[in-house]
Amino acid sequence: RLLSQRYHQGLASLDLGLPEEASGTLHAYHLYVIRSERRDRIQASLKNAGIASDVYYPQPPYLAEPCRSLGYQPGDFPEADRASRETLALPLYPELTFEQQDTIIEVITKAIK
C-alpha cells in the first residue's frame with residue numbers, strides 16, 4: 001500500500017487514470033494499473049529504460065476465443081475496447097525500492113510531457 005501511495009503522489013499531476021479507493025474500502029494493490037491514451041508511448045519509454053510493465057488485456061475479453069461463440073462484434077462494448085487500449089500495469093512488488101519507483105515515475109513523466 002505504501003508503494004501504491006507513492007505512485008499516486010508521484011503521478012497525480014499527470015494526465016493519467018489512477019486506481020481509486022471507494023469510500024470505506026481499502027484497495028489490495030496487487031497490481032498498480034494506470035490508464036492513458038498514451039499507453040504505448042509510456043510502455044515504450046519504460047522498456048527503453050529497462051523497466052518492465054505489462055498489458056494484461058491487449059484485446060477486450062469479450063473478443064477473446066472463449067467468448068467468440070457469444071457473437072459479440074468489435075465495438076459492442078466501447079468501454080472494454082477503450083480499457084484494452086489504455087491500461088498498463090506498472091512494477092509493484094515488495095522488493096521495489098523507492099529509488100527504483102522514483103525512476104519509474106520520472107520516466108512516465110518524461111514520456112507524457
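The model is predicted, so local features need pLDDT of at least 70 and side-chain atom pairs count only at pLDDT 80 or more, while totals for chains, interfaces and linings use all residues. Residues are numbered from 1 along each chain as its sequence is written, and side-chain values use heavy atoms, with hydrogens and water left out.

**Helix H1**
- Helix H1 spans residues 2–11, and its buried residues are Leu3, Ser4, Arg6, Tyr7 and Leu11. They sit on the same side of H1, because they cover an arc of only 160° around the axis (taken from the directions from the helix axis to the C-beta atoms).
- Leu2 and Gln9 are exposed on the other side of H1.
- Here, buried means under 20% relative accessible area, exposed over 50%, and partly exposed in between, with a 1.4 Å probe and protein chains only. Helices (H or I, at least four residues) and strands (E, at least two) are DSSP runs, numbered from the N terminus.
- The buried residues of H1 pack against S1, strand S2 (87–90) and helix H4 (98–112).

**Nonpolar core**
- The largest nonpolar core has 23 residues, and Tyr7, Leu11, Leu16, Tyr32, Leu46, Leu90 and Ile108 touch the most other members. Such a core is a set of buried Ala, Val, Leu, Ile, Met, Phe, Trp, Tyr and Cys residues joined through side-chain atoms within 4.5 Å.
- H1, S1, helix H2 (39–48), S2 and H4 each give two or more residues to this core, and H4 supplies the largest share, 6 residues.
- Beyond its neighbours within four places in sequence, Tyr7 is in contact (heavy atoms within 4.5 Å) with residues including Tyr32, Leu90, Leu96 and Ile104.

**Rings**
- Rings of Phe, Tyr and Trp (its six-membered ring) pair if their centres lie within 6.5 Å; planes under 30 degrees apart count as stacked, over 60 as edge-to-face and the rest as tilted.
- The count comes to 5 aromatic pairs. Tyr29 and Tyr32 form a stacked one, 6.0 Å centre to centre with 20° between the planes.
- Tyr29 is buried at 14% relative accessibility, and Tyr32 is buried at 1%.
- Tyr7, Tyr29 and Tyr32 are linked into a cluster by ring pairs.
- Arg6 lies over the face of Phe98, 4.1 Å from the ring centre; the rule asks for NZ of Lys or CZ of Arg within 6 Å of the ring centre and within 35 degrees of the ring normal.

**Val33**
- Val33 belongs to strand S1 (residues 32–35) and is partly exposed, with a relative accessible area of 28%.
- Not counting residues up to four places away in sequence, Val33 touches Gly17, Pro19, Thr87, Leu88 and Ala89.
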